[in-house]
Amino acid sequence: VNPTQLFIEHYDALYRYLLRLTGDPDVAADAAQEAFVRLVERPPQERNVRAWLFAVATNVVRDGARARARWLAILRASPERAPLGDLPIRPDLAVESEELCRIVRGALDALSWKERTILLMREEGFAHHEIAEAVGTTTASVGTMIARALRKLSAQLHSRAEGVR
Amino acid sequence: VIRLRLGSHPGEADLVRLLDRQVDVRTRRRLQGHLGSCAPCARTLEALERQSREVKEALGRVPVQLPDHARRALALSAMERASRRRLRSPLPRGSWMLKAAAVAALLLVVTVSARPSRAWIAREVGRVAVELGVPTVAEWLGIPGPDGGERAAPPPPPALEVAVPGVRRPVNEEVAGAERPAPPVRRHTPPPPPRASGLVSFRPVGEELVLEFDSFQRRGTLSLWMMDVPTASVRASDGYREESFRILRSALRVHNAEHSVADYEVVVPRGIHNVRIRVAGRPKASIGIEPSTSSQPWLWTVDLQRRGS
């Protein structure tokens, strides 16, 4: 498989997932880069390279000492930060988007690492067995964890939105 | 796809699997049949659907700024460096571990074998040690050499140890158009890694470069680097044995065989807009290079195994 082609196909989705997972563009970019470097260094045996890339990048973020240190800093500072994305061009939308960023970021931060990973991988369209492999759990338990995380995140979104009003 | 054992009521996990299309047709029908007659379960599914929709909408409304060009170039560059490191590596990871295990096994055998066998074992240990890049391992361990001496004689150097990296010199005498005699070997210059050929540079004529391989291989990969450099170059790396190159006007011919296991790294210079690859006389791939993108390095790999794609 051509690594450059894989990079073109999956880099954006992987970065988007990692940015949502960590809330930090630098951590996301570093982890995405590391996943592709490992792809070249140790090509995976399995056919589903996309799932492999996401699992590796998730592990990089979780296990990397540098990433972990930054992650803790982000967790501590999360209410003040709006690291989910850029600001829109229109100034009237900027305020709304900034607020939304804070709400979503805060709601995501309220989930555990595993819950966040599972929900965001689900949003990227992964099957339950792929998610299970990435987070190190059984396929059967993924459904339960998704239901719990959905309920938790939905409640967090509601309560934070109410708090803003 | 998961088959479910349904009791009286499906659990939330079952409903999530239904929502995510992770159940087979039969289970889906059974679940839908149950949901049609069970209001509490239908309400649970509705709640899950609503929560799922809310989360999707919330995430979708937050803009995500994708990395800029510089960041992508950095990531691509890191990938390329990793690829080069891998190509420079004398042996693949699995092979290294296998050979290390072989050395350990031989050392075990040598402790219990008779004296005549030790000479042969010492030779084998020396050969494997050279492949591992540890030529003095036999000496360190004090294994007797083939002449019955106390220490193993150092094994002969690899055939292409004389090739000096970076010097424009053909791999062997078959390379046409050699412009000058090979420079004398300078021992202080680091030799190429074991089982790697020297680097051969050449200037193809025209906008098309044809890469012809005599044969498919047992294993091996061709890595094509499209780079903004003035000259083309070729090198056989991991697994190189007796393969040779012939430079033609606008083509490079690789004399390999079915039992070859070498990897090849070819750098395609600026000005080449099409690369055609032929293996065993048959077209394998044709790669067009747009002039606008040729200023960036691009990597393209081609599997040289018979059933490779």
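Tutor: One term before we start: a helix here is a DSSP run of H or I with at least four residues, and helices are numbered from the N terminus. Also keep in mind that this is a predicted model.

Student: Which ones in α7(A) are buried?

Tutor: They are A:His128, A:Glu130, A:Ile131, A:Ala132, A:Ala134 and A:Val135.

Student: Where does B:Arg21 lie?

Tutor: B:Arg21 is in the loop between α1 (12-19) and α2 (25-37) of chain B. B:Ala280 is in the loop between β8 (274-279) and β9 (282-288) of chain B.

Student: Is B:Arg21 buried or exposed?

Tutor: B:Arg21 counts as exposed, because its relative accessibility is 71% and the cut-off for exposed is over 50%. B:Ala280 is partly exposed, with a relative accessible area of 31%.

Student: While we're in chain B, how many helices and strands does it have?

Tutor: Chain B has seven helices and 10 strands. Of its 309 residues, 41% count as buried. Taking contacts in chain B with a separation of 6 or more, 71% are between residues 24 or more positions apart.

Student: New topic: how many residues of chain A are in contact with chain B?

Tutor: 48 residues of chain A touch 40 residues of chain B. The area buried between chain A and chain B is about 4100 Å², with carbon and sulfur atoms giving 62% of that.

Student: How many salt bridges go across that interface?

Tutor: Six, by the rule used here. One salt bridge between the chains joins B:Arg71 to A:Asp30, where the closest N and O atoms are 3.0 Å apart. There are also 13 residue pairs in polar contact between chain A and chain B.

Student: Which elements give two or more residues to the side of chain A that touches chain B?

Tutor: Those are α1 (3-22), α2 (25-41), α5 (91-109), α6 (113-123) and α8 (139-164) of chain A. The largest share comes from α8(A), with 12 residues. By type, that side of chain A divides into 25 nonpolar, 11 polar and 12 charged residues.

Student: I noticed A:Asn2. Where is its place?

Tutor: A:Asn2 sits in the segment before α1 of chain A. Leaving aside neighbours within four places in sequence, A:Asn2 is in contact with B:Leu299, B:Trp300 and B:Thr301. The side chain of A:Asn2 also reaches the backbone nitrogen of A:Thr4 at 3.0 Å.

Student: Is A:Asn2 buried or exposed?

Tutor: Buried, with a relative accessible area of 10%.

Student: Back to charges: what meets the side chain of A:Glu124 in a salt bridge?

Tutor: The side chain of A:Arg50 does, at 3.8 Å from N to O. This pair links distant parts of the chain: A:Glu124 is in the loop between α6 and α7 of chain A, while A:Arg50 is in helix α3 of chain A, 74 residues apart. A:Glu124 counts as buried at 10% relative accessibility, whereas A:Arg50 is partly exposed at 22%.

Student: What else is linked in a network with A:Arg50 and A:Glu124?

Tutor: A:Arg16 joins them in a network of salt bridges.

Student: Why would such side chains pair up at all?

Tutor: Side chains of opposite charge can pair when their charged atoms come close.

Student: And what forms a salt bridge with B:Arg17?

Tutor: B:Asp14, with the closest N and O atoms 2.8 Å apart. B:Arg17 and B:Asp14 both lie in helix α1 of chain B, three residues apart, which is about one turn of the helix. Both B:Arg17 and B:Asp14 are buried.

Technical notes
Residues are numbered from 1 along each chain as its sequence is written. Chains are lettered from A and ligands numbered from 1 in the order in which they are written. This is a predicted model: local features need pLDDT of at least 70, side-chain atom pairs count only at pLDDT 80 or more; totals for chains, interfaces and linings use all residues. Side-chain values use heavy atoms; hydrogens and water are left out. Contact means heavy atoms within 4.5 Å. Buried area is the accessible area (1.4 Å probe) that two parts lose on being put together, summed over both. A salt bridge is a side-chain nitrogen of Lys or Arg within 4 Å of a carboxyl oxygen of Asp or Glu. A polar contact is a pair of N or O atoms within 3.5 Å; within protein, one must be able to donate a hydrogen and the other to accept it, and residues adjacent in sequence count only if both atoms are side-chain atoms. Ala, Val, Leu, Ile, Met, Phe, Trp, Tyr, Cys and Pro count as nonpolar, Asp, Glu, Lys and Arg as charged, and the others, Gly among them, as polar. Buried means under 20% relative accessible area, exposed over 50%, partly exposed in between (1.4 Å probe, protein chains only).
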